[in-house]
Amino acid sequence: MHSTILEFRNVNAFYGRERVLDTINLYVSRGKFLTFLGPSGCGKTTVLRIINGFHRDYTGDVKFEGKKINNLPAHKREINTIFQKYALFTHLNVYDNIAFGLRIKREREEKIQEQVSELLDMVNLSSFAKRDIETLSGGQQQRVAIARALALKPKLLLLDEPFAALDLKLRKDMQRELKKLQLRTEITFIFVTHDQEEALSMSDTVVVMNKGAIQQIGTPEDIYNEPQNAFVADFIGESNIIDGVMISDFNVKFAGMMFKCIDFGFMPNEAVDVVIRPEDIKIVNLDLGDISGKIISTTFKGVYNEIIVDVNNFKWMIQTTEYYSPGEEIGLNLVPDSIHIMKKSEYSDQVGDYSSFSDEYEETNIFDFKS
């Protein structure tokens with residue numbers, strides 16, 4: 001049995017003359033939870049449509065369990081999909097919705113009853129078997145959709161932003177339930193989202209996409225702690241991304257000062273992007289800081305305060321449990337492993353400065369790409 005269940009080799013996808021996926025190479029391990037993460041229009045849903053056989057205008061090869069499936073019809077693939085709209089049958093109750101696919105396959109009614117009962121228990125809906133779909137909450141409908149998809153025991157389950165319509169608390173509850181289901185069933189899940197927290201909390205592997213191309217593949221920890229370019233660093237949580245110069249191995253200059261870091265392998269005096277997460281900056285007395293800055297604003301965020309600080313006319317974000325007043329001058333200290341060095345990329349100088357930061361600005365997709 002292949003440890004790799006799905007493989008993309010040099011896949012380029014098109015809508016008419018427009019290329020919407022750019023040379024996608026990817027291996028998906030069996031029994032894992034993989035998430036495609038990126039802004040709207042980055043191409044992640046097109047990847048799903050190629051996998052389930054709904055998009056055929058592409059070059060390159062797609063292999064499932066080692067066999068090429070480019071020309072395999074969608075209904076012959078051992079793959080199931082859950083969409084944003086659950087497409088449940090409103091004229092059928094919960095039990096009959098879950099049993100639908102099994103009845104199409106002409107399974108024995110005794111076997112159907114056994115499987116549906118097991119699935120109802122798995123998604124915590126045992127007492128809802130005879131309920132009408134329209135009487136269920138959004139989260140309950142989502143669980144019915146998941147149970148129906150699992151009933152046919154697919155080898156691969158695709159989920160296209162399935163929690164988009166749920167409120168925040170219910171969304172978090174469903175994230176935990178879905179991860180438990182994936183571990184229990186050992187089915188390979190491929191999940192699509194633009195929500196960074198969702199991707200980081202559920203996934204074994206995260207694939208960050210933008211402009212139809214893969215920007216980085218890695219574990220949630222790798223993606224967050226070791227971003228490969230400015231787009232990934234900015235998209236995965238908040239980041240201060242500052243122009244720097246790598247003077248030599250383990251020595252970088254930025255904000256007018258020299259700092260020790262843990263990175264190496266760059267050319268002497270190479271221009272680089274310096275990434276510093278807001279939670280990794282220590283605020284100290286002005287005379288004790290490696291560098292200094294003036295507080296522009298302080299916003300209470302519940303468990304921490306979000307502070308915007310002007311450092312040499314560049315706006316940094318700092319997250320701290322302490323309160324500091326706007327206008328206050330402070331010192332800032334950094335330790336070597338809080339400083340991450342990246343090579344310059346096409347995204348350099350487009351992100352990282354919080355001079356125009358706001359909730360509205362955060363929602364703006366400056367990397368828009370049609371797909």
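**Labels and the values behind them**

Mentor: Buried residues make up 49% of the 371 residues in the protein. This is a predicted model, where local features need pLDDT of at least 70 and side-chain atom pairs count only at pLDDT 80 or more, while totals for chains, interfaces and linings use all residues. Residues are numbered from 1 along each chain as its sequence is written, and side-chain values use heavy atoms, leaving out hydrogens and water.

Trainee: Why is Phe-254 called buried?

Mentor: Buried means under 20% relative accessible area, exposed over 50%, and partly exposed in between (1.4 Å probe, protein chains only). Phe-254 has 2%, so it is buried. Phe-259, at 6%, counts as buried too.

Trainee: And what makes Gln-319 count as buried?

Mentor: Its relative accessibility is 18%, so the label is buried here as well. Gln-319 sits in strand β18 (residues 314-320). Strands (E, at least two residues) and helices (H or I, at least four) are DSSP runs, numbered from the N terminus. Leaving aside neighbours within four places in sequence, Gln-319 is in contact (heavy atoms within 4.5 Å) with residues including Glu-238, Pro-278 and Tyr-304.

Trainee: How do you know that Phe-254 and Phe-259 are stacked?

Mentor: Rings of Phe, Tyr and Trp (its six-membered ring) pair if their centres lie within 6.5 Å; planes under 30 degrees apart count as stacked, over 60 as edge-to-face and the rest as tilted. By this rule the count comes to eight aromatic pairs. Phe-33 and Phe-189 are one of them, with 5.7 Å centre to centre and 50° between the planes, so they are tilted. For Phe-254 and Phe-259 the values are 4.4 Å and 15°, so that pair is stacked.

Trainee: What does the pair of Phe-33 and Phe-189 tie together?

Mentor: Phe-33 lies in strand β3 (residues 33-37) and Phe-189 in strand β8 (residues 188-193), so the pair ties together parts that are 156 residues apart in sequence.

Trainee: Why is Lys-130 said to lie over the face of Tyr-95?

Mentor: A charge sits over a ring if NZ of Lys or CZ of Arg is within 6 Å of the ring centre and within 35 degrees of the ring normal. Lys-130 is at 4.9 Å from the ring centre of Tyr-95 and lies over its face. Arg-148 lies over the face of Phe-89 in the same way, at 5.2 Å.

Trainee: How do you know that the length of α5 agrees with what a helix should span?

Mentor: The expected span is 1.5 Å times one less than the number of residues. For the 18 residues of α5 that gives 26 Å, and the end C-alpha atoms are 26 Å apart, so the two agree.

Trainee: Which residues of α5 are buried?

Mentor: They are Arg-171, Met-174, Gln-175, Leu-178, Lys-179, Leu-181 and Gln-182. They cover an arc of only 160° around the axis (taken from the directions from the helix axis to the C-beta atoms), which puts them on the same side of α5. The face turned away from that buried side carries the exposed residues Lys-169, Lys-180, Leu-183 and Arg-184.
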